[in-house]
Amino acid sequence: MKSAVLAHQLIAGASVLAVAGGMALSSTPVFADSYMAGDFHNHTPCSDGRSSVETMVKKAVQSYGLEWLGAADHGGSSPRDCRVDDPEGDGSTTGTGKFWDVAPVTTVKGDVAMSQGHRSMWRWQSAEEIIYPELTRLAKELNKPMLYAAIETNVPGHEHTSMTVIGNQKPQNFGGNTGDAAGVAEFEYRFDRSDTDFSKGAPNHAWEGKVANASGSGSGTLNHKNKAIPSVQWLQKYYPLDSYYVPAHLERAGVFNPNGNNGFNIEHLRDFNNAGPTVAVGFESQPGHQASNNRGEYRAGFCGTGCDSVGVTTFGGTGIYAAKIGGVWDALLGEGRNWFFYASSDWHNRGAFSIYEAGSTNDFYPGEYQKLYLPRPASGTTLRPNVIVDGVRSGNSYSVQGDLITGELNYTAQVIGYSPAGTAKMGQTLVVPRGRSVKLTLEVNQPTGTNHSPYSFNNPSLAQIGVQEPLNRPTLRQVQFIKGNVSGVVAADNANYTNGTNTTAARLATFGPNNWTVSGQKRTMVVTISNVQNNMYVRARGSNLPASVPAETDAQGNPLNDWDPENTAQGPFVPCTDAACPSHLVVRDGQKISSYDVAGWSDLWFYTNPIFIRVADQPKLLVETNGALAVSLKK
């Protein structure tokens, strides 16, 4: 029993509830019962963003309440200094930005790379020598020790992935030995598709064995096999508990192209999880760019004629891989995989607005609109970046748009009348004696004040059905529980390895004002699953929009396509008729249309990660096995 308890304390995602004679033994979780908001995908002038590291971090922490942040510029190179705001996005050409090679000159290392007529700095150098020192300074100034260097890496054979290697990053030491970001720098040098530097990291390092990108016919397949999978294997070998690898906005670039570098199919996600069972643990299917008219920047023709984003659009701001019941996410969960859901800001700029203004036609700052909630460590735990990696790996997390709900969520599963089984949370597995019944309880809290929307006029989507509610005071109106069977891992040589569906996934229950329990700001929902005879998982999602809102939800409450109002071939759309509707909205046939940031603030969702349920006489699920692997690596 001691080892089972220790295992569960070390990694919540393992949900190691030891079974003896069909009896599950409870244990103490490593995390507290509340969550902390953060963001791990964003940009500065060190790639293609406009606000400096300092501006971005201070806005995220001071204005939008984030407690942790991974600064995650693209891999590759940039000629612009990210210690300086660059509102115009062009260095010092027309505005206040700065190039590295303009006085006072910053030494740029590695093979020569040029952009905009200036010497570019490779991302490995900027992560190690510029961004990480900025983060350690800000960590001390803001008393926020969970700031760390990360990367949105350009994946060989695919598009993008949010990742980090914590390694020796120690910003929590506040001016003492704050360590370095050499681990994440080495990953970028070795594996980022846009890093064509072969200097070995000199003079700082001597990184040997870099593999060149394949090009031409078959390059997508070769790059996936020869660089993408090996990159995950490298993380698993050297940083199995110090890194995460989360494919970003993975529907955006269309289906996988065997001759190029775009798209992720389900088989690639399975490959990653197989290669990095404690590292490649989920996807970012709720993308940033939520203020864009192509919400999430998903659209027809994303990467050329005939190359559409999968699903063409997002659905309630979420990609089709997770938004569609019975789709890719449900297929992966149906294997019992530790494959979890995350959201990010993907902050770059505010489009037609300045980075210093509140309106946006492109992005929101980290924490302004989307928050990723990870479990708060137990009292007395040292706050450090590794806590974030542990939280990502655990699956005990959820994502929220527009502050629809707070960080005081509680989602649990218990066997009715059988206390030895204990309680399972998100990412964990409840072991159930065959034939017993399970009670699922979800408690969420609505904020008491306003969110960060600059608009207080009534939500135009709700106005269509006669509901008057300010955009900056959203109310939760529906929650869906989605259940699917777990039938076991699909082997790589199985014909179903490329199958991205789970036909058993369906809505288990739907709640709203008529059937949840209200206590102040708390909303409590209870679902009973009787006579459990097979393995399963249950996840949940909720929205400020009820079922049957024109152009937003169907009769069952599922999100509809987020069509681009500037595309005359798409629709229908939501009119914005309030006198306060801003002037930057799209106008069609003389009528303002809910678009850009107004459309984002109108249509809000939260997504939880699943709880797994296993019948006691069945073999452990992969989520349990991979969690146990993480436990063994901690010893």
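**Exercise 1. Describe how helix H2 passes helix H3 in this predicted model.**

Solution. H2 and H3 meet in a right-handed crossing. For the geometry, take H2 as residues 53-63 and H3 as residues 123-142. Their axes come within 10 Å and cross at roughly 35°.

Next, list the residues that make the contact. H2 contributes Val53, Glu54, Val57, Lys58, Val61 and Gln62. From H3 come Ile131, Glu134, Leu135, Arg137, Leu138, Glu141 and Leu142.

Finally, sort the residues of this H2–H3 contact by type: 7 are nonpolar, 1 is polar and 5 are charged.

**Exercise 2. Find which residues have the most contacts inside the largest nonpolar core.**

Solution. The largest nonpolar core has 140 residues. Inside this core, Tyr245, Phe283, Leu442 and Phe481 have the most contacts. H3 supplies the largest share of the core, with 8 residues.

Take Leu442 as a case. Leaving aside residues up to four places away in sequence, Leu442 touches Leu409, Asn410, Tyr411, Val479, Phe481, Arg523, Thr524, Met525, Ala540 and Phe606.

Another core, of 6 residues, lies apart from the largest one. Among its members are Trp122, Ala185, Tyr189 and Trp207.

**Exercise 3. Decide where the pLDDT is below 50.**

Solution. Start with the whole protein: the average pLDDT is 94, and 95% of the residues score at least 70. Then look at residues 1-29, where the pLDDT is below 50. In the model this stretch has 65 contacts beyond near neighbours in sequence. Where pLDDT is low, predicted coordinates should not be read in detail.

Notes: Residues numbered from 1 in each chain as written. Predicted model: local features only at pLDDT ≥ 70, side-chain atom pairs only at ≥ 80, totals over all residues. Heavy atoms only, no water. Axes fitted to C-alpha atoms, helices over the stretch in contact; angles between N-to-C directions. Helix = DSSP H or I, 4+ residues; strand = E, 2+ residues; numbered from the N terminus. Left-handed = near helix turned anticlockwise from the far one by under 90°. Contact = heavy atoms within 4.5 Å. Nonpolar A, V, L, I, M, F, W, Y, C, P; charged D, E, K, R; others polar. pLDDT = per-residue confidence, 0-100. Core = buried A, V, L, I, M, F, W, Y, C linked by side-chain atoms within 4.5 Å. Buried < 20%, exposed > 50% of the residue type's maximum accessible area, 1.4 Å probe, protein only.
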